[in-house]
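Please keep the sequence and the model in view while reading.

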Amino acid sequence: MDQIDTLLQELEGAEEGSRDLGYAVSLATGWKHVESAFGPVLHLEKCSGQAKDCNCVWRNPTLSVDAALSLVPEGWSIAGLWEAVNPKDRPWWGVNLRRDDPYKVLTAQGSPAPALALCIAAIKARRGAA
Ligand SMILES: [Zn+2]
């Protein structure tokens with residue numbers, strides 16, 4: 001089991017998004033830690049971390065649907081995002097990502113929040129695309 005498998009397990013078991021989980025997802029999807037006067041901050045891997053070059057705006061992908069959507073790799077699109085009622089009477093979100101060439105549909109379901117379902121699906125798609 002590699003680091004991505006471990007991260008996927010953490011996401012699948014999460015009851016809600018969190019700062020730690022958001023950092024872990026970001027570090028696995030093109031972000032890096034850079035030390036600053038205010039402590040470690042996240043920048044995109046391509047950024048120098050210098051203020052004059054930086055346009056990085058980090059948003060927590062486990063809490064923000066917009067931030068989670070930005071993790072969906074090129075060539076993939078959202079084919080469905082739904083909330084279902086489940087027997088445990090808690091929120092239950094699912095997402096389908098679709099790629100046309102070559103055709104593939106990928107599903108993540110059972111998350112208590114849409115951002116978490118999107119993170120799981122996007123990470124799976126990124127791993128498949130690599
Ligand atoms: Zn930056």
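This is a predicted model: local features need pLDDT of at least 70, side-chain atom pairs count only at pLDDT 80 or more; totals for chains, interfaces and linings use all residues.

**A guided reading of the fold**

Strands S4 and S5 run antiparallel and are joined by 8 bridges. Within this pairing, Arg98 stands opposite Val105 of S5. The loop between S4 and strand S5 (103-111) holds Pro102, and the peptide bond that joins Asp101 to Pro102 is cis, with an omega of about -5°.

The two strands belong to an open sheet of 3 strands, which are ordered S3-S4-S5 and paired in antiparallel fashion. In general, the strands of a sheet pair through backbone hydrogen bonds, in either a parallel or an antiparallel manner.

Strand S1 (residues 31-36) and strand S2 (residues 39-44) run antiparallel and are joined by 6 bridges. The two form a hairpin, with 2 residues between them. One of the bridges links Ser36 to its partner Gly39 in S2.

The view may now be widened to the whole protein, which has 4 helices and 5 strands. Along the sequence these follow the pattern α-α-β-β-α-β-β-β-α. The radius of gyration is 15 Å, close to the 14 Å that the globule rule gives for 130 residues, so the protein is as compact as a globular protein of that length. The C-alpha trace spans about 50 × 35 × 30 Å along its principal axes. Of the contacts between residues at least 6 apart in sequence, 45% join residues at least 24 apart.

What share of the 130 residues is buried? Buried residues account for 22% of them. The largest nonpolar core has 21 residues, and those with the most contacts inside it include Val95, Ala117, Leu118 and Ile120. Two or more residues of this core are given by each of helix H1 (3-13), helix H2 (19-27), helix H3 (65-69), strand S4 (92-100) and helix H4 (114-129). H4 provides the largest share, 10 residues.

Which residues of H2 are buried? They are Leu21, Gly22, Val25 and Ser26. Seen down the axis of H2, the buried residues fall within an arc of 135°, so they line one face of the helix. The face of H2 turned away from the buried side carries the exposed residues Arg19 and Asp20.

Helix H3 also contains Asp66. Is Asp66 buried or exposed? Asp66 counts as exposed, because 10 other C-beta atoms lie within 10 Å, and a residue is exposed if that number is 12 or fewer. The C-alpha atoms of Asp66 and Ala115 are separated by 8.1 Å, although the two residues lie 49 residues apart along the chain.

Conventions
Residues are numbered from 1 along each chain as its sequence is written. A nonpolar core is a set of buried Ala, Val, Leu, Ile, Met, Phe, Trp, Tyr and Cys residues joined through C-beta atoms within 7 Å. A residue is buried if 20 or more other C-beta atoms lie within 10 Å of its own, exposed if 12 or fewer, and partly exposed in between; C-beta atoms are placed from the backbone. Two strands pair if DSSP finds at least two bridges between them. The radius of gyration is taken over C-alpha atoms; the globule rule is 2.2 Å times the number of residues to the power 0.38. Two residues are in contact if their C-beta atoms, placed from the backbone, lie within 7 Å. The arc is that of the directions from the helix axis to the C-beta atoms.
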